[in-house]
Every structure is written in C-alpha cells, then in structure tokens.
Amino acid sequence: RRRVPVAPDALERAALARMGGDAAAYVAGGAGMERTMAANRAAFDRYRLVQRPLRDVSGRDLSAELFGRRLPLPLLLAPIGVLEMAHRQADLAAARAAAAEGIPFIASSQASHPLEAIAGACGAGPRWFQLYWSSRNELVESFLSRAERAGYEAIVVTLDTTELGWRPRDLDRGYLPFLRGRGIANYLSDPVFHRLPAEGGAPGEHPRPGLGLLRSAAELLRAWPGNPLRALASGEALRAVRRFIAIYSRPDLTWDDLPFLRDRTRLPILLKGILHPEDARRAVEAGMDGVIVSNHGGRQVDGAVAALDALPGVADAVGGRVPVLFDSGVRSGADALKALCLGARAVLVGRPYVYGLALAGEAGVRDVIRDLAADLDLTLGLAGHRSLGELDRSALAIGGAMPG
Ligand code: HOC
C-alpha cells in the first residue's frame, strides 16, 4: 500500500498530489485569504513547552474521560463532510480506523454514507454525530432520532457554518468536487428529507454570474445524469441544488433555538464553534454538555481569532463545569499537548486524517492516529509529565514569558 509520510508537511503534500486539483483545493483550502488558517498554525508557536527533567515519566497514561467513557487517547476524528473526495470508502474507512484505535469518530451530517452505515463501521467503538442545524426542524428531529437509534453517544452542533463561507479556491473551481463528492448521501437516506416541500426559500444567486455553487452545480448536473441530486430535481438541476442549500442553511439560528434541541435528545450536546468566553458561559447556562473551541479549520471566516488563542478564555469561562474540546490546526503531538495544557480535555484532528485516508484508506487513517498518539506520548514524557491530569498552563511559556 501507499506509504503515509510521518512528517506533517510531507503527508499533506503527498495526499494533495494524490487527490488532485479540485478535491485538494476543497480539503486544503480555507475562507478568504486563508489568514485564519495561517493564524491557527502561528498561534501554536506562541506557546512553548517548558521541559521539566528528573520526574520519572515512565508508565505514562494518555487516557481521557469523556461523558462516562474512558478513552485511550485524548483524540477524536473531527466531523468532515464529503470524505468521498478523498477515498471511495470515505466515512466507513475512517470510522473503522477510529474504532480500531479506540477513539470517537464524529460522523458529519454531510457524510458520504448514511449515518447508520457509519455506526455499523464503528462497531463497538465510540461514535458521535455532528449536526448541521437545517432550516427544517423536522429534519433536525429526524437526524437526532436516527443518531440515537444508531447508538451515537453525543451530538456535536456546528454553529459556525449556518451558511458556507467565502472560499475562493472552491469558487474559482465551481465547487465541482464538492458536488461530485456526493456529500449529501446522509440526507438522501433520510425519509423526512424526501418529504420536505419541493421549494425551499431563496438562498440567493452568486453575485458574479459564471462563478459559484449554484451556477456551477447546474452546469455540472446537466452534464451528469448519475448525480444523486438529479433525482431530487425532477428535471431541473438548479432547482434541486437551490432546494438543498435552502434546507441546509440556517442563518437565523439563535440561542433561543437551543431548548428545541435540549428537549429532543437525552444525549450529551456539544456546541462546536465557540470562541468567545461569553458564548461559552451561555452554552453552559443553556444546559449544553460541552463546548468545542473551533474556527472550522479556518474555512468559514477569514481573519478570525486563532482557535488556540481563544481556548484559555473559554476554559476559564467554563470553569470545569463541562468538558472543553479543541479543534482547528492540530498537526503534531506538541500541538495537541499545548491545547491540553491550555484547558482542552481532548482535541479533534481534521485534515491530517483526510490525508491519511486519501493515501491509504483505513490503514492510512490508522497510521495518522498512531503517529499522532506516539508523538504526543513521547512529547508528554520528554516535557516531564506522566498523565493528562498533570497538565496546566504552568507547563507552558506563553508569548516568551516563563511560567511562575
Ligand atoms: C452546502 C453545505 O464542513 C466544510 C463542511 C461544510 C459542508 C456544508 C456544505 O466544507 O467545511
């Protein structure tokens, strides 16, 4: 099988070369001038590990507890849509890899397979379900009950993508890989989705004719009778895409909507996309069970605060009442360790596992998880710590200032 490089840059290069132009642009790209993506990486450099020798770091323990389950590692596979772009088996291969390593797989609403099939691929392994809060609450209810029946253990509500961000790389390529990736298989497997009214709102055309999702989707679908979106279109592709986007988008979502969700599931709910301490406090007050500090890997807002810079404030605001998880930019064991020191209970890994998937399917995802785990274990020990419970900000020099 194809070799999966250990070095993060080499991993990315090899995977993007294998995926090819359109898919590579979609996965690797971000919002606007990609300043948020750059800021996410740069933030890791402002926090430095301060090694503490002579502390017997044999017998290390990387386990973390989340919602009553002890995980062998403080890692989760982030929810990522349209994985079919990276590999034919998409979410199924990634879910099997996560299960083999004992870490949660967070299945995306935008998955390339029905959520039940992904649950099957997880076997006895932990799985969480990520929800895009559709404009149709009946679809939200349906996703929730399907997720509960399929044995998902938590719901992750992504709050920063109620509309798709401005992504120049994809706009210039007409979002072809996104549509080709069939990232709506999970929707198509939902009976409520099929019953929703044929016309759905007006998402708005792209301001520049010739560019953008709606226009390019229409062109693509006319040339491509096999695309599942076509089944919804009853002859008119543009109408089908417009309908899907109207169902997907929920720009009017507010804090007042959260009780709707709270009342409809017994599963823990985590809000993903929290950056402001005040929002973190509100999440806890609204009865949420966890928050995920994330800027969606820099894919939504250009020039946003680096997720790592937002983490300490969120952790302070939450004050240990619910777990805080971290997402956006983790590429190495040292990155994960810094997030754990700044208050994260565990971290989500995104693009790196897509790269492993693109290169070697399930085995490639396992390689990425194992490399990250080994790097984290070694770095933890060399920095002078034996378990995650020992970690806090005193293990870091922040912006050049030594602790204590
Ligand atoms: C039209 C809806 O999380 C990403 C995904 C978003 C997919 C939603 C597409 O690309 O960041």
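The legends below describe several close-up views of one predicted protein model.

Residues are numbered from 1 along each chain, in the order in which its sequence is written. As the model is predicted, local features need pLDDT of at least 70 and side-chain atom pairs count only at pLDDT 80 or more, while totals for chains, interfaces and linings use all residues.

**Figure 1. Overview of the protein and its helices and strands.** The protein has 18 helices and 12 strands. Helices (H or I, at least four residues) and strands (E, at least two) are DSSP runs, numbered from the N terminus. Of the 404 residues in the protein, 52% are buried. A residue is termed buried if 20 or more other C-beta atoms lie within 10 Å of its own, exposed if 12 or fewer, and partly exposed in between, with C-beta atoms placed from the backbone. Among contacts between residues at least 6 apart in sequence, 71% join residues at least 24 apart. Two residues are in contact if their C-beta atoms, placed from the backbone, lie within 7 Å.

**Figure 2. Strand S8 and its pairing with strands S7 and S9.** Strand S8 comprises residues 269-274. Six of the six residues of S8 are buried, so the strand is largely enclosed by the rest of the structure. Strand S7 (residues 155-158) runs parallel to S8 and is joined to it by four bridges; two strands pair if DSSP finds at least two bridges between them. Val156 has Leu270 in S8 as its bridge partner. S8 also pairs with S9 in the parallel sense, again over four bridges. Here Leu271 stands opposite Val291 in S9, and the bridge partner of Ile274 is Val293 in S9.

Figure 3. Strand S10 (residues 324-326) runs parallel to S9, and three bridges join the two strands. Ile292 stands opposite Leu325 in S10.

**Figure 4. The residues around the ligand, with a view of His296.** Gly81, Gln110, Thr161, Leu164, Ile245, Tyr248, His296 and Arg299 are the residues around the ligand. A residue is near a molecule or strand if its C-beta atom, placed from the backbone, lies within 6 Å of it. By class, this shell has three nonpolar, four polar and one charged residues. In this scheme Ala, Val, Leu, Ile, Met, Phe, Trp, Tyr, Cys and Pro count as nonpolar, Asp, Glu, Lys and Arg as charged, and the others, Gly among them, as polar. His296 lies in the loop between S9 and H16. His296 is buried, with 23 other C-beta atoms within 10 Å. The phi of His296 is near 60°, a positive value in a residue other than glycine.

Figure 5. The contact takes 18 residues from domain 1 and 14 residues from domain 2. On the side of domain 1 that touches domain 2, helix H6 (residues 137-149) gives the most, with three residues. By class, that side of domain 1 has seven nonpolar, eight polar and three charged residues.

**Figure 6. Helix H17 and the glycine that follows.** Helix H17 (residues 333-341) is mostly covered, as nine of its nine residues are buried. Among them are Ala334, Asp335, Lys338 and Cys341. Gly343 follows H17 and has a positive phi, near 120°.

**Figure 7. Glu34 in the loop between helices H2 and H3.** Glu34 is placed in the loop between helix H2 (21-28) and helix H3 (35-46). Its phi is near 60°, a positive value in a residue other than glycine. Most residues other than glycine have a negative phi. Glu34 counts as partly exposed because it has 18 C-beta neighbours inside 10 Å.
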